[in-house]
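Let's work through a few exercises on a protein chain together. Keep the structure in view and try each task before you read its solution.

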Amino acid sequence: MSRIGKKPIVVPAGVKVTVSADQVVVEGKGGKLTTALPPYVGVEMQDDKIVVSQTSDVRAANAMHGLARSLINNMVIGVTEGFKKELAIVGVGYKAALQGKVLNLSLGYSHPINFQIPEGIKITVTPENKIIVEGCDKQLVGETAAQIRRFRSPEPYKGKGIRYVDERIVLKEGKSVG
């Protein structure tokens, strides 16, 4: 048995969970999320708790047990609180602006970068050159933030580029004269 998989998931008030044979649907004030159940896993509702169990003793069932529990727990957290990633733009002349569902980035290239914001994601640009990516789907929030960061990863000498707010960049020493 997986240590993580054994823990029941408490369903808060205002969240509706629908369990079928092959998928779980979670609805709340933040939105509606659906996930397919991995193999060797069963899910059932007991009062206001979700219990994930193994349906087989195969070795892979242990990993799938913990995975299913984590995915469902992240869905419950996502529809109640949501997830957020913050990115900081560092560099002279580097800036970001929102135009409807498009994020315009000026990152020192000869052309501006227009990033189409995916459905279910809310992006906010602050005057301090910070980009805040929010949404109820943890995987989509993380992937969107990573795609934005990939446009100009922090370089190792001056640290210019797009980085996560809590990310620490180790700067290299430049050339020494002499």
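The protein chain has 3 helices and 13 strands; here helices (H or I, at least four residues) and strands (E, at least two) are DSSP runs, numbered from the N terminus. You are looking at a predicted model, in which local features need pLDDT of at least 70 and side-chain atom pairs count only at pLDDT 80 or more, while totals for chains, interfaces and linings use all residues. Residues are numbered from 1 along each chain as its sequence is written, and side-chain values use heavy atoms, with hydrogens and water left out.

**Exercise 1. Overall form**

Solution. Step three: look at the box filled by the C-alpha atoms, roughly 70 × 45 × 25 Å along the principal axes. Step four: check burial, where 34% of the 178 residues count as buried (buried means under 20% relative accessible area, exposed over 50%, partly exposed in between, with a 1.4 Å probe and protein chains only).

**Exercise 2. A sheet and its helix**

Task: Work out the strand order of the open sheet of 4 strands, then find what packs on the sheet.

Solution. Step one: the order is E11-E12-E7-E13, with antiparallel pairing (two strands pair if DSSP finds at least two bridges between them). Step two: strand E11 (121-126) and strand E13 (161-164) are the edges, since each pairs on one side only. Step three: neighbouring strands are turned by 25° against each other on average, direction ignored. Step four: helix H3 (residues 138-150) packs on the sheet and touches E7 (83-90), E11, E12 and E13, with its direction at about 5° to that of E7 (axes are lines fitted to C-alpha atoms, for helices over the stretch in contact, and angles run from 0 to 180 degrees between N-to-C directions). Step five: zoom in on E11 and strand E12 (residues 130-135), which are joined by 6 bridges; Val125 stands opposite Ile131 in E12.

**Exercise 3. The nonpolar cores**

Task: Which residues touch the most other members of the largest nonpolar core?

Solution. Step one: a nonpolar core is a set of buried Ala, Val, Leu, Ile, Met, Phe, Trp, Tyr and Cys residues joined through side-chain atoms within 4.5 Å. Step two: the largest has 19 residues, and Ile89, Leu103, Leu105, Ile123, Ile131, Val133 and Ile148 touch the most other members. Step three: two or more residues each come from E7, strand E9 (102-106), strand E10 (113-116), E11, E12 and H3. Step four: another core, of 18 residues, lies apart from it and includes Val11, Val17, Ile72 and Val76.

**Exercise 4. One residue in its place**

Task: Is Val90 buried or partly exposed, and what is in contact with Val90 beyond its neighbours within four places in sequence?

Solution. Step one: Val90 sits in strand E7. Step two: its relative accessible area is 30%, so Val90 is partly exposed. Step three: its contacts (heavy atoms within 4.5 Å), leaving aside neighbours within four places in sequence, are Gly159, Lys160, Gly161 and Arg163. Step four: Val90 and Arg163 are 73 residues apart along the chain, with their C-alpha atoms separated by 7.8 Å.
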